[in-house]
Amino acid sequence: MVPREMNIDANFTATRGSLNLDVRLQVGNNETLALLGPNGAGKSTVLRILAGLHDIESGQISLDSTLVDGPEAVFVPPEQRNVGMMFQDHLLFPHLRLIDNVAFGLASKGIKKKVARAVAREWLGRINMGDYHDARPSEISGGQAQRVALARALAIKPQLLLLDEPLAAADATARLELRRTIQAQLKSFSGSCVLVAHDIDDALALADRIAVLENGRIVQTGTIDELGARPASRYVADLIGLNCFRGMCSGNALRMANGAEVILATTHDGPAIATVHPRAVALFREKPAGSPRNVFQAPVVAVERALDCIRVRLGGDLPIVAEVTESAVGELGLDQGGDVWAAVKATEFRVAPS
Amino acid sequence: MGAMIAWVRITTIALSLTTLSCSGSSKPCVRVFAAASLTQSFEELAAAFESEHPDVKVELHCAGTPRLVLQLREGAEADVFASADDRQMQRVVDAGQTSAPPVDFAGNELTIITSDRNPHEIELLADLQRQEVGVLMCGPEVPAGRYAREALKKAGLNVPSRSDEPSVRAVISKIRLGVADAGIVYATDAQTAVDQDDEFGTKIHRVAIPEHHNIQTRYPIAPLTTGDHEPLGTAFVAFVTGTTGQAILASHGFTKP
Amino acid sequence: MPAWLIVPAAIAAALFLLPLIGLLTAAPWSKMWSLVSDDATLDALLLSLECSLASAGLCLLLGLPLATWLSQGNDALRTTVRVFTTIPMVLPPIVGGLALLLVYGKNHLIGGSLHRWFGIEIPFSAAGVVLATTYVAMPFFVLTVEAGLRGFDRRYAEAAATLGAGPWHTFRTITLPTIAPSVRAGLLIAWARAIGEFGATITFAGSFQGQTRTMPLAVYHTFESQPAAAIALSLILLAVSATVLFCLRRQWFPAK
């Protein structure tokens, strides 16, 4: 449930280039919201709007009960909002040493250089970059620079922290360490945080709630479970890793545009989305007999080895992904291609009107 | 092929620039170097000479006298030299570039000029000494400037020029623009400026300098050995000192030599 | 670079080198010292250095804000202003000097008021020299700095704003240090242009020893009567300028 004391309350429309945004979101104190969505959906733009780097066309934004962007002339510039932002390309000032980079925010607020530097040194220590305080941004790696950028944003004690794809610029090994650092800092951060993530794992690791932005609109907000239970769009379903079928329902049959049908456990009427987890799809060499209402033959299109399971992609009229074990691949000869039988129980499908 | 033709054209043009004979004319032509203050009068003289000698062309180059002397020294090919003072003419004579002794053909004197409103009410040479009057003259290396300083010295006056202008024309223009209050220039140039009816700045007002303070300048002319057409040069000199030439010069305000 | 390009490049280099050699061989080396220590020469040299430095300073104070504003967009107003800023570069300097007279001369637009109310007369003064040289030199400064600013990643300024820095603080601590190489290069080009200016100076400020006769004007005057001395003076100006340009060789190009 949404906490009563709101820290960010935003409800606005805006334009950036050809993209029209119509966003409503709320983030509470001590809460982290992950903003997910396809490329070009407007995620970075939302962050920039919250930071004050972009103006809205209508609606209003309140940070900590203070109106910062609203109708007519109400607009608080970024330097007066208590917001800390971490950018995709870290954007550490190239001509300043790391310690001066981190101290920059405090120094620009009038805090004496000596004091600011001391605070900066402390922060660098917290993110394990204490030894590099004298280095320039060009002398450290991308992952290290991102950590310093995080420290720089946190050093000004912001009430709202904005992270724009913080893990995007880091390579595989640096990602893990960077994620751990961000996790640790977010734990001790008392304000709200909105972070733009590119995949579900980052969102899961760092955020309390997820908001999915598609084409400038928030299609769904909620915890990962809420999203998984009733994904509001194909993108959300794909994000969670579910099979998604969209079509017209009559009775307990969902008919797709290409004529294929799935049998559901409940009856509906009208357009609907049905999802089923890959784990619920069983594969057989021969046509199986049994209770499953959905049994069909399909060609094996691909076999993908993920971290802890094998995902088998089937083609044909009803494209579907099944999750199987390594041994099953061998037993069924899935690597050889060819056709295979799939069976899905009607009860495994979750349906929602679309 | 097109590139070849272009290349030949460029070379031809370059070559034609190096041969300094009278440009582009098939007629024999006489090249005349004349002091800047002779510009208008010599243009008329040249036209008159051409109408008397239809098979000859006159090429006139007018510039500050010192510059012309320098060009002659550096190898310019001219047939006649008309100088604004004898000091400069002497240099040419000393370099052995004249084919006959120089002859004085005209005279000039100095005058004061102001803007037509003459706000400082300048009437005498001595008025130029007043603090609030900004006076302009040519630089001392230009004959007009040298004469102006001589005249002031003769009158016992100490009048510094706000600026050493490069030419009489520059002095006149600045007076007309109102950036200076008075100038000392040749009477002939002042006359031309007074008669000029363009819309540049104000009109010119002349204040005469009395004879006992004024400098009578003399213009010597001589035919040169440096050009291609010596006899034409001599003919031109004769024309200038002859009746027609003298009449033209008088009409421009020059005095008899 | 393709090998044969060295031929036109060498011809270009010769274009610059040969006149210099011509000057060096024609110089009256025996009279050089007496010329250098001559009062008139020293006056002119000092005046040239003072006025060109003042000019460079004015370019910085006035040109930097202009360049900053120009770099922020491409609208019609900015384009128009940019065209006007470039005009002194294509105008013959004498015409520039004339235009300045028509504005700051005693009986004109601004000069008239200045003279009536404060008794100030800009033509025929060292201030006039500075004004004339600034007029011809500032376009070079503005164009160089504007280019540098356009290459400046504006996101750094945004980052600074999110950290709490106001616009002036950001300009001072982030933008300026980053574009400093462009500013230095622009100042150098403007200074070089200012110290060599002749036409606008002689037309607007006139030529009076000690007050408005800069080195280029001194060369012109000497040239009329003593060409050899003029060559010597030219070489002195050349030597001084070349020394300065050499000492500041690292500032020529806005390198990182």
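Chain B falls into domain 1 (2-107 + 218-251) and domain 2 (110-208), the bounds being taken from an automatic or database domain assignment. The structure is a predicted model, in which local features need pLDDT of at least 70 and side-chain atom pairs count only at pLDDT 80 or more, while totals for chains, interfaces and linings use all residues. Residues are numbered from 1 along each chain as its sequence is written, and chains are lettered from A and ligands numbered from 1 in the order in which they are written.

Between the two domains of chain B, the contact takes nine residues from domain 1 and ten residues from domain 2; two residues are in contact if their C-beta atoms, placed from the backbone, lie within 7 Å. On the side of domain 1 of chain B that touches domain 2 of chain B there are three nonpolar, five polar and one charged residues. In this classification, Ala, Val, Leu, Ile, Met, Phe, Trp, Tyr, Cys and Pro count as nonpolar, Asp, Glu, Lys and Arg as charged, and the others, Gly among them, as polar.

Chain B contains nine helices and ten strands. Helices (H or I, at least four residues) and strands (E, at least two) are DSSP runs, numbered from the N terminus. Of the 257 residues in chain B, 44% are buried. A residue is buried if 20 or more other C-beta atoms lie within 10 Å of its own, exposed if 12 or fewer, and partly exposed in between, with C-beta atoms placed from the backbone. Among the contacts in chain B with a separation of 6 or more, 79% join residues 24 or more positions apart.

Helix α1 (residues 2-18) of chain B has the lowest confidence in the chain, with a mean of 52, whereas strand β3 (residues 80-82) of chain B has the highest, at 94. The pLDDT is below 50 over residues 15-21 of chain B, a stretch with two contacts in the model beyond near neighbours in sequence.

Not counting residues up to four places away in sequence, B:Phe81 touches B:Phe33, B:Leu68, B:Leu72, B:Val92, B:Ile221, B:Ala222 and B:Leu224.

Chain C touches both other chains. Its contact with chain B joins 15 residues of chain C to 14 residues of chain B. Helix α11 (residues 215-225) of chain C provides the largest share of the chain C side, three residues, and that side has six nonpolar, seven polar and two charged residues. The contact between chains C and A takes 14 residues from chain C and 17 residues from chain A. Here α8 (154-162) and α9 (167-195) of chain C are the elements that give two or more residues to the chain C side, with α8(C) contributing the largest share, six residues.

Within chain C, helix α12 (residues 227-247) has 21 residues and reaches 30 Å from its first C-alpha to its last, close to the 30 Å expected at 1.5 Å a residue; the expected span is 1.5 Å times one less than the number of residues. Its buried residues are C:Ala229, C:Ile231, C:Ala232, C:Leu233, C:Leu235, C:Ile236 and C:Leu237. Their cover includes α1 (6-26), α2 (32-36), α3 (39-71) and α11 of chain C.

Chain A is divided into domain 1 (6-237) and domain 2 (242-353), whose C-alpha centres lie 39 Å apart. The contact between these domains takes five residues from domain 1 of chain A and six residues from domain 2 of chain A.

Finally, A:His90 has a positive phi of about 50 degrees although it is not a glycine. A:His90 belongs to the loop between β6 (83-86) and α2 (98-108) of chain A and is buried, with 23 other C-beta atoms within 10 Å.

Conventions. pLDDT = per-residue confidence, 0-100.
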